[in-house]
Amino acid sequence: MRFFIFLTLLVFVVGVQTASAQALDISSGGLPTITGSVNGSVTGTANVTGDLVVTINFGEVSPLNTNSVVKVLVPIALRSNQPYQVSVSMSGLTNANSEALQASDVGFGVQNPRLLGGAGQICNQSSHIIRSPFNNDPALSATISGSGRVSYPSTLASLSGPTVILSGPELSKNNSSKRQQSDGWIFDAVFALTPQFFVSGVSSATLIFTISPGPNVPC
Amino acid sequence: MPRLTKPLLLTILLVSAVTCVGQSTTGTVSMSATVSKFVEINSGGAVTLTGNSGGGVTTDGVANSPLAVSINLGELGPSNTNSFVTAQVPLRLRSNAAYVLSMTATVTSSGTTSNRIGAADVGFGLGTITRSGSGVNPSGTDTNATSGDPTLAANGSVNATTGRYEFTAVRSNLSAFSSATTALSGPFIMNAVPRSNVNGLSVPAFFAIKPQFFENGTTTISVTFTVTAP
């Protein structure tokens with residue numbers, strides 16, 4: 001009997017942990033796309049129940065690429081049964097030569113929050129907020145700075161440690177323990193890189209998107 | 001009862017574990033980009049032709065367009081009483097890496113004697129090098145391997161023995177460029193700016209011929225500039 005009680009408590013604990021795990025979730029929001037590239041590519045899954053694992057190769061970004069901009073759009077799906085926030089942290093892209101590709105040369109914005117199917121939660125008391133300065137499509141908002149270099153309203157250099165880019169109320173109607181095709185929201189992470197006379201070389205960076213409990217806003 | 005509960009619990013644990021695998025609070029976006037060395041040469045603008053008798057610029061240069069200039073130098077015999085017939089061709093170079101501008105020239109004449117116009121009779125040199133404008137790297141030293149304007153007194157004179165005018169300075173005539181030969185080199189030209197930026201390194205290329213008692217006939221001079229990033 002004592003053993004049975006112990007087992008019952010263990011099952012309860014496991015149940016709580018499972019519920020906690022399903023409270024916040026980030027995954028692929030669909031197939032990422034790339035335009036304007038030369039020898040570039042982007043890989044990811046079209047399955048919205050797949051993990052968010054995307055590899056972007058911007059390709060050639062010297063003037064050999066005569067396109068005005070290389071643009072990558074990465075749909076990201078979010079699920080939660082509580083208020084949430086999404087933060088991004090970056091590693092890499094630390095070229096010492098200021099004329100080489102810098103984090104500030106990669107435009108980064110967040111666009112187009114939208115329902116992921118009928119089980120996505122619509123809250124009337126709070127909205128999903130794209131944090132400043134990330135609410136822009138960098139490919140459409142690039143300008144030429146005084147030095148002649150292309151600049152964007154927000155870039156990878158805008159990420160200072162884990163930086164919150166998005167927050168809002170709960171995202172999912174149900175409390176399913178599994179990712180489903182239609183139980184959250186999607187937003188687009190947009191990256192833009194204008195080919196320029198950068199110093200030659202290969203550059204790389206890694207972004208980690210994290211969903212966590214956000215400001216306690218009502219639904 | 002415990003006998004039944006154990007398998008049940010194990011099943012629940014297993015199901016829970018499988019469920020958790022399907023969800024995540026983090027996602028990863030990895031990115032990379034490549035910048036290759038890039039160099040280009042274009043026209044720096046309109047050609048200036050002076051001292052000519054007849055002739056003219058057949059195909060002029062257009063700034064920041066591909067360099068494809070055609071010039072008729074006109075009469076080069078003694079009936080042209082000017083000191084020199086000179087063509088000044090503006091060049092514009094751009095690069096994201098150290099560059100080398102080389103040149104190859106061929107001179108063919110319908111004449112059959114040593115008095116025909118030859119490569120050594122065509123003076124050549126690069127003029128003042130200018131790095132200016134937004135987006136241009138102003139630092140660094142460009143090395144001009146030529147002697148500059150070939151019509152300068154220091155760059156040529158009449159041969160006291162033969163009486164023929166000669167361009168005598170280092171790489172001051174086209175005979176020095178019968179094969180690809182460096183004319184100019186230097187550090188990277190452009191800062192990180194897009195190709196739509198029209199600025200760059202500007203340098204005039206001078207071609208000069210002194211009218212003399214050359215053997216009559218027609219002469220064709222062909223010059224090819226090539227810029228590379230070694």
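Entry 1: I began with strand β13 (residues 201–213) of chain A, which pairs with β1(B) in the antiparallel sense over 10 bridges. By pairing I mean that DSSP finds at least two bridges between two strands. Strands and helices are DSSP runs numbered from the N terminus: E for strands, at least two residues, and H or I for helices, at least four residues. In this pair, Ile208(A) stands opposite Thr28(B).

**A note on the model.** I am working from a predicted model, where local features need pLDDT of at least 70 and side-chain atom pairs count only at pLDDT 80 or more, while totals for chains, interfaces and linings use all residues. Residues are numbered from 1 along each chain as its sequence is written, and chains are lettered from A and ligands numbered from 1 in the order in which they are written.

**Entry 2: the other partner of β1(B).** Next I checked strand β4 (residues 53–60) of chain A, and found that it pairs with β1(B) in the parallel sense over six bridges. Val54(A) stands opposite Val29(B) here, and Val53(A) stands opposite Thr28(B). β4(A) also runs antiparallel to β3(A), joined to it by three bridges; Thr43(A) has Thr55(A) as its bridge partner there.

**Entry 3: the whole sheet.** In what order do the strands of the open sheet come? I read seven strands, β3(A)-β4(A)-β1(B)-β13(A)-β6(A)-β11(A)-β8(A), with mixed pairing. β3 (41–43) and β8 (129–130) of chain A stand at the edges with a single partner strand each, so one side of each has no neighbour in the sheet.

**Entry 4: the contact between chains.** I then looked at contacts, meaning C-beta atoms, placed from the backbone, within 7 Å. By that rule, 37 residues of chain B are in contact with 59 residues of chain A. On the chain B side, α1 (2–21) and β1 (26–35) are the elements that give two or more residues. β1(B) gives the most, with 10 residues. That side divides into 16 nonpolar, 19 polar and two charged residues. Here Ala, Val, Leu, Ile, Met, Phe, Trp, Tyr, Cys and Pro count as nonpolar, Asp, Glu, Lys and Arg as charged, and the others, Gly among them, as polar.

Entry 5: I call a residue buried if 20 or more other C-beta atoms lie within 10 Å of its own, exposed if 12 or fewer, and partly exposed in between. β4(A) is mostly covered, with six of its eight residues buried. A nonpolar core is a set of buried Ala, Val, Leu, Ile, Met, Phe, Trp, Tyr and Cys residues joined through C-beta atoms within 7 Å. The largest one has 98 residues, and Ile56(A) and Phe191(A) are among those with the most contacts inside it. Strand β12 (residues 184–193) of chain A gives this core its largest share, eight residues. Leaving aside neighbours within four places in sequence, Phe191(A) is in contact with Ile56(A), Val72(A), Val106(A), Gly107(A) and Phe108(A).

Entry 6: Most residues other than glycine have a negative phi, and most peptide bonds are trans. The peptide bond from Ser132(A) to Pro133(A) is cis, with omega near 10°. Asn64(B) has a positive phi, near 65°, and counts as partly exposed because it has 15 C-beta neighbours inside 10 Å. Arg171(B) has a positive phi too, near 45°, but counts as buried because it has 21 such neighbours.

Technical notes:
Contact = placed C-beta atoms within 7 Å.
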